[in-house]
Amino acid sequence: MPLTQAPPPTRTLRTADPGLIGLLGFAIATLTAQLAHLGVQNESSVFWVGAIFGGVVQIIAGMLSFTIGDDFHFLVYNAFGWYWLCMPGFLLGGELGFFEVAGPARGVFTLMFAVLALLFAFPGAMHNSVLPITLLCVSAGLALQSVTAFGGVEAFGAAGSILLIAASAFATYMLIEKFIRRTMGRAIVPLGPSWLRGSRDPES
């Protein structure tokens, strides 16, 4: 009886996690913008960093999340990616004096995304502890900055910038956790337990 040769083992193709570049884009763009808001640097870097890292990179991450059926990150990265493409347009309009968006109009736009971040925090709380904390910092920070845009004191905007810098730090923390786990196969950096039941996916 002839010997049958065993078929070669099949290699499963693993896709990269879009959250790696999504978190990177969010962290860099948010930190750059808030340092400008606090007067540490001028707004020139916000235009380019916001458009590329905040806009293009996060939109790419969102669309890649779509290809793997990740509805949550598809919506979150796309929402804030398009937000960051609008912000350089606001800066450009202010510099050139056309289609300028300022005052209450800027406040309404910022407040809409503060509400979105708050809504995103609820499904985020089904994943781990750090993700909803990050989204709550984004929501509170944008809400405070919208108060300034509506004519409130500048201190509210500065407080909002501090909260958004904290959100950038939390995003960097989640990026480190994800990178170590994906490349080393070890869950070394803790993200904390989920706050709500409903998802077995601990991803950030």
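Colleague: What percentage of the residues of the protein count as buried?
Modeller: Bear in mind that this is a predicted model. A residue is called buried when its relative accessible area is under 20%. Of the 204 residues of the protein, the share that counts as buried is 41%.

Colleague: Which pattern does the protein follow along the sequence?
Modeller: The protein has 6 helices and 0 strands, and its C-alpha atoms fill a box of roughly 90 × 35 × 25 Å along the principal axes. Read along the sequence, the pattern is α-α-α-α-α-α.

Colleague: How many residues apart in sequence are the parts that the pair of F80 and F113 ties together?
Modeller: The structure holds 10 aromatic pairs, and one of them is formed by F80 and F113, tilted, with 5.7 Å from centre to centre and 55 degrees between the planes. Since F80 belongs to helix α3 (residues 71-96) and F113 to helix α4 (residues 104-124), the pair ties together parts whose separation in sequence is 33 residues.

Colleague: Is the pair of F80 and F120 stacked or edge-to-face?
Modeller: F80 and F120 are both buried, and ring pairs link them into a cluster that also includes W84 and F109. Planes over 60 degrees apart count as edge-to-face. The ring centres of F80 and F120 are 6.3 Å apart and their planes stand at 65 degrees, so the pair is edge-to-face.

Conventions. Residues numbered from 1 in each chain as written. Predicted model: local features only at pLDDT ≥ 70, side-chain atom pairs only at ≥ 80, totals over all residues. Heavy atoms only, no water. Phe/Tyr/Trp six-rings, centres within 6.5 Å; stacked < 30°, edge-to-face > 60°. Helix = DSSP H or I, 4+ residues; strand = E, 2+ residues; numbered from the N terminus. Buried < 20%, exposed > 50% of the residue type's maximum accessible area, 1.4 Å probe, protein only.
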